[in-house]
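Here are my notes for your first look at this one. Have the viewer open as you go through the points.

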Amino acid sequence: MGRYVIRRLLQMIPVFIGATLLIFLMVHVMGDPIAGLCGERQCDPATESRLRQEFGLDRPVWQQYMTYMGHVFSGDFGTAFNGQKVIELMASAFPVTLRLTLVAVAFELVVGVVLGVLTGLRRGRPVDTSVLLLTLVVIAVPTFVTGLLAQLVFGVTWRIVQPSVSYTAPLGELILPGLVLASVSLAYVTRLTRTSVAENARSDYVRTAVAKGLPRHRVITRHLLRNSLIPVVTFIGTDIGALMGGAIVTERIFNIHGVGFQLYQGILRQNTQTVVGFVTVLVIVFLLANLLVDLVYAVLDPRIRYA
Amino acid sequence: MRGAAPVTRAACALAVALTAASCGGGSGAGAGGPDGVLSSSWGDPQNPLEPANTNEVQGGKVLDMIFRGLKTYDPRTGKARNALAERIDTTDSTHFTVTVKDGWTFSNGEQVTAKSFVDAWNYGAHLKNNQKNAYFFEYVEGYDKVHPASGRPTAETLTGLGVTGPLTFTVKLSQRFSTWPDTLGYAAFAPLPRAFFDHHDAWLAKPVGNGPYEVESYTRGAQMSLRAWKGYPGSDKARNGGVDLRVYTDGNTAYTDLVSGNLDLVDDVPAAQLKNVRADLEGRYINAPAGILQTLSFPYYDPAWNTPGAVKVRTGLSMAINRRQITETIFRGTRTPATDWTSPVLGAAGGYKAGLCGRACAHDPAAARRLIAEGGGIPGGRLTITYNTDTGSHKEWVDAVCNSINNALGNDRSCVGSPVGTFADFRNRIGRKKLTGPFRAGWQMDYPLIQNFLQPLYYSNGSANDGRWSNARFNELVNEANADTDTSTAIRTFQRAEEVVRDQMAGIPLWYQNGSAGYAARISHVELNPFSVPVYHEITVR
């Protein structure tokens, strides 16, 4: 187990270097960021070359990348164009997005799994059909439509919540955005759980458990659910990374100052330091989430063992 | 306390869901009257908040609240009037003696003296400080020493500035510039306290100035809380308790917040909402002229556009555009068809001359077709208009302009838009001088003078002369106007220079842009100044 974890962690190093290099090059290809700093006019050439020098843009790309990586390993993610340290931006943005992601995952787990079990056990009944239809609608409608609609209905028409989230982003204000962010994945989780439960409900071990005279709730939670959740856990694990990176749309609609906001701003201003820094951390989150999923397998399925 | 808040919020949302009662969200502070605090939409400033380093409207908004310079612009007429300047004397338009009013302090108690100005200007001009507005000091003698076009600076301070007393200083310009005192209301010319130089990082984290507001707290990228400064000595004291500026990434969210009562003031109503705004806000909507002119510029470094025939083509293109229809349908009256190269906010006395463009700006498809044919047709056979897609709603109007041109020429393929993803990349392409067709150019004035609408844009190698247009006659007239000590003749000379721009159709004027703002019922006396920034200190809270 320990060796397996170490091996997986070591595998992350090349992925990390490759990912940062790719992003670095992509932002670089977008062109020179200095030109956008002076409004609708040319920066005066002297200031322009000073700025270029300060941000290290006057050197060749490979050199810029090496310096950047050198700084990253000493914990310095550089400075954004507005003079703010990228590490400060991260410190303010990641907790917010993490909270939003957790709210979303909680929705996926609770609502998604419950609906999945419910429909899986009542295949073909009205409950099953209507939930299936509902999930189909949710999957078909893009997030920005759900988001704007939810904002309009709950925030403006009914005034149950504030239409935007204040900058401290307390948990209570993140419930609606979290639900919107989770909506599509939630539908997938429901469908995955449903299929899985339906399939396992006919399996031998469930029949045995029922025959033994175990109470129904015990059959479902201990025998049926434990085996049915394996594909769901895989999905949610990979989804954590996707949710954090994909929150750009939701964060924009609800004015949440998280990772999506910083990335969006960074891309518009072609701020290499911000974009590469944030995406690098996202890549790490994604890799760690995947590792965690693999480890949880072993817990769910005793047959799986890592050497 | 902090930990408890989310729970109550959640409980509140639940309770409301059950009982359908209202849960007092609303705008931060509940108090009204002279201590009432209002909330306003904001965008994250692009540059550090130093006066000589802020060249966009979001940072400028804050500087306008926390600083007062020698001059200030009247929020209604745009006329420059003395603020901290007791008087600015000159006899030859080159040597100026500035007397600063006595009794002014920064909000930290430090006296505002002549030295506060001179130090600030020296800081703004010096190359090592990377100030993006440094060129505002280019007319001061010695600028080429502290800010050489290439190489290292050879001096620490501008030789043209000299402190002659606690409240007096002299300025020597490198050329005659009669309207120079009127430029001093621009934020770059603000005075700076010692704290700015001694504890620079701390100052940037919480700027200290001498304006009607002081910064109470500033969370970068999220919110700035400004409170009325009780000790403000000026006559334009704040009539409210303060302003909370909140950063929004999407103008639509800010607008939704305004409609639902979560925000008090939005100073840029998104184009998509313009058709609902009057009904949504029951008339609490302002649509006021601002000093912004949208034009199409041309790449004069491309020889095809630099011929006598191309003048006719450009004039023809200008006549092909149905300005009225576009401003009414796409912008719903928040733009006005342009008939000169300045802005109505200057007023007739300031140099605005309605109809100066004449027939060349009137919609006349038949004449347009004839002129373009006479000029040898569009260079390259097809017109591509380059624009950026990340700000404003440029795509809509570029497509509409192309449509106008296509209709006039009876050819569906004679004009297409060429979108560029980001503003930075757009500026890059302009800077590289590789464009072969016209491109979008929006000019927001720095200060309300006709000079600011002409010299930076059309003077040879002007800072915003992106198309590199060059005309000896125009340069001559601008020099003559700048040297004129009589303001009204200077303005007439500028207008003659503007006629050169018209006759050559150096840039096609499209429309004057208005500022638009919507506000909540709990605030009143909301106005936009000619820079399309709300006049915060005049707003009252109910």
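1. Start with helix α3 (residues 114-125) of chain B, which lies across β5, β6 and β7 of chain B and runs at about 155° to β6(B). For the angle, axes are lines fitted to C-alpha atoms, for helices over the stretch in contact, and angles run from 0 to 180 degrees between N-to-C directions. Contact here means that the C-beta atoms of two residues, placed from the backbone, lie within 7 Å. Helices (H or I, at least four residues) and strands (E, at least two) are DSSP runs, numbered from the N terminus.

2. A word on the source: this is a predicted model, where local features need pLDDT of at least 70 and side-chain atom pairs count only at pLDDT 80 or more, while totals for chains, interfaces and linings use all residues. Residues are numbered from 1 along each chain as its sequence is written, and chains are lettered from A and ligands numbered from 1 in the order in which they are written.

3. Now the sheet in chain B. Its 4 strands form an open sheet in the order β4-β5-β7-β6, with antiparallel pairing; strands pair if DSSP finds at least two bridges between them. β4 (85-90) and β6 (161-163) of chain B are at the edges with a single partner strand each, so one side of each has no neighbour in the sheet. On average, neighbouring strands are turned by 20° against each other, direction ignored.

4. Further in, β5 (residues 95-100) and β7 (residues 168-172) of chain B pair in the antiparallel sense over 5 bridges. V98(B) is opposite F169(B) in β7(B).

5. How do the chains meet? 50 residues of chain A are in contact with 54 residues of chain B. On chain A's side, α2(A) gives the most, with 6 residues. That side has 23 nonpolar, 17 polar and 10 charged residues. Ala, Val, Leu, Ile, Met, Phe, Trp, Tyr, Cys and Pro count as nonpolar, Asp, Glu, Lys and Arg as charged, and the others, Gly among them, as polar.

6. Chain A is divided into domain 1 (14-73) and domain 2 (93-305), with bounds from an automatic or database domain assignment. Their C-alpha centres lie 36 Å apart. In chain A, 13 residues of domain 1 are in contact with 11 residues of domain 2. Helix α1 (residues 2-29) of chain A gives the most to domain 1's side, with 8 residues.
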